[in-house]
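My notebook is open, and I have two spots to look up today. Come along and check each one with me.

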Amino acid sequence: MGFQTVNPATGEFVKEFPLQSDEEVFAALDTADRLYREDWKFRPVAERARIVARAAEILREKHDEYRDLLTLEMGKVTRFGDFEVDLVADILDYYAQHGEKFLAEQELPDEPGAKLITEPIGVILAIEPWNFPFYQLVRVAASQLVAGNVVLMKHAESVPQCALAFARLFEEAGAPEGAYTNLFCSIDQIGMLIDDFRVRGVTLTGSERAGTSVGERAGRNLKKAVLELGGSDPALILPGARLDQAVEQVVMGRTYNSGQGCVNIKRVIVVGKERGEQMLAALKDAFAAITVGDPTDAETQVGPLASERALDGLLRQIEEAKEAGGTVVTGGNRVDRPGFYLEPTIITDVTEDNPLYHEEAFGPVLSFYVVDSEEEAIQLANATRFGLGSYVFDADVEHAQQVAARLEAGMVFINSCFADSPSRPFGGVKNSGFGRELAELGIGEFLNRKMVKITQ
């Protein structure tokens with residue numbers, strides 16, 4: 001089966017794109033490698049940055065066209081599509097504006113005559129998911145193109161038109177053939193590309209299973225890998241937290257993008273029985289009031305899940321959680337309408353022997369816990385193999401920072417849900433992967449920091 005567009009809001013098949021042959025895939029690698037070695041890496045940073053900046057201009061000019069593709073292929077609510085397109089343009093501009101500074105050579109102050117020269121390393125293979133069809137791509141493409149690397153991009157099978165549209169951005173911006181290449185290829189072909197010596201780095205955003213496979217193969221080939229994997233992000237509601245603020249942020253943090261985000265809030269942990277009861281009652285009312293429906297409707301807060309497979313998987317997780325003693329406080333059912341819709345769901349009584357205690361729920365399903373002490377909250381927050389994002393709510397910001405320092409996570413947000421920025425590094429620890437995207441750290445993942453020592 002090739003790459004397919006199926007409208008999640010209706011369940012209707014739209015269009016199919018065939019897989020490329022081995023010959024086509026490796027012809028693309030030939031072109032990318034030749035461009036890198038003969039042209040792209042030798043261009044001044046400012047010239048590469050101009051192309052990336054022009055891509056941002058084109059994206060803004062065609063904003064609605066790109067936004068509507070997000071809604072068509074993965075069911076993104078229109079106003080959230082607006083946010084994604086704007087953010088992607090900002091990331092393109094960020095690296096275009098800051099690339100020269102990030103890549104400038106550096107003197108080593110304690111080593112007279114020694115300096116670090118920053119150089120690209122070659123072809124970077126990226127494997128990206130469907131949940132943010134442009135944002136996931138730009139986190140790799142903007143930084144690496146400015147750095148002087150070239151990118152082969154394998155996008156998710158369910159968003160082929162988004163994949164093609166993003167590739168057109170760079171073509172229309174003046175990037176030469178091979179600088180950014182979209183691939184409609186198979187898992188087996190991805191493995192062959194990783195094995196090819198000309199591919200010098202691999203980056204993946206996806207599941208633990210995919211990360212394990214890609215990381216193992218990259219390791220066998222002695223190649224740098226960046227893995228951005230899943231999360232089971234906890235929100236700690238400390239005794240001093242404002243409950244009204246915490247409820248508002250948790251609702252947004254759990255249901256944004258229909259709950260389909262690695263760094264969405266997945267678990268709420270409230271300190272104190274009485275406050276736990278208050279928080280649960282408020283969240284139950286808030287979840288029940290959420291408008292689920294047509295993603296193009298201005299009143300809609302939660303749209304469809306991206307696929308029937310995603311919906312079926314969540315329904316199965318909910319049933320397994322119930323069978324293991326979990327209590328569905330609200331939601332838990334498929335919405336009775338065409339498309340792939342799930343009621344926003346809250347589940348309590350999730351014990352350590354419940355599958356949901358250990359899993360990531362990739363949709364609008366929230367696990368709710370109450371503990372007696374802050375120490376228990378921290379232990380529960382860390383009692384997961386994941387370590388992507390964490391959230392702390394407390395009016396005492398200094399104390400919240402002390403708690404944040406004890407959380408095993410790559411990112412901690414205090415008194416807010418997740419909000420992305422080009423200048424803020426993204427990444428996790430433990431089984432949430434390794435490496436960083438965005439900010440200066442993101443451009444540095446696939447660079448050769450060459451030391452040059454001059455002796456007179």
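Which side chain does a polar contact join to that of Thr 205? I found Glu 128, with a polar contact of 3.3 Å between the two side chains. I keep in mind that this is a predicted model.

**Entry on Thr 205**

I looked up where Thr 205 sits, and it is in strand 8, which covers residues 199-205. I then listed its contacts, leaving aside neighbours within four places in sequence. Glu 128 turned up again there, along with Ile 127, Pro 129, Gln 136, Arg 139, Glu 228 and Glu 437.

**Entry on Lys 266**

I moved on to Lys 266, which I found in strand 11, residues 265-271. Lys 266 has 3% relative accessibility, so I noted it as buried too.

Which backbone oxygens does the Lys 266 side chain reach? I noted the one of Cys 262 at 2.9 Å and the one of Gly 231 at 3.5 Å.

Not counting residues up to four places away in sequence, I saw that Lys 266 touches a list of residues, including Gly 231, Ser 232, Asp 233, Arg 254 and Gly 261. Also among them are Glu 360, Ala 361, Val 365, Leu 366 and Ser 367.

Last, I looked up Lys 266 and Asp 394: they are 128 residues apart in sequence, and their C-alpha atoms are 19 Å apart in space.

Methods
Residues numbered from 1 in each chain as written. Predicted model: local features only at pLDDT ≥ 70, side-chain atom pairs only at ≥ 80, totals over all residues. Heavy atoms only, no water. Helix = DSSP H or I, 4+ residues; strand = E, 2+ residues; numbered from the N terminus. Buried < 20%, exposed > 50% of the residue type's maximum accessible area, 1.4 Å probe, protein only. Contact = heavy atoms within 4.5 Å. Polar contact = N/O pair within 3.5 Å; in protein donor to acceptor, adjacent residues only side chain to side chain.
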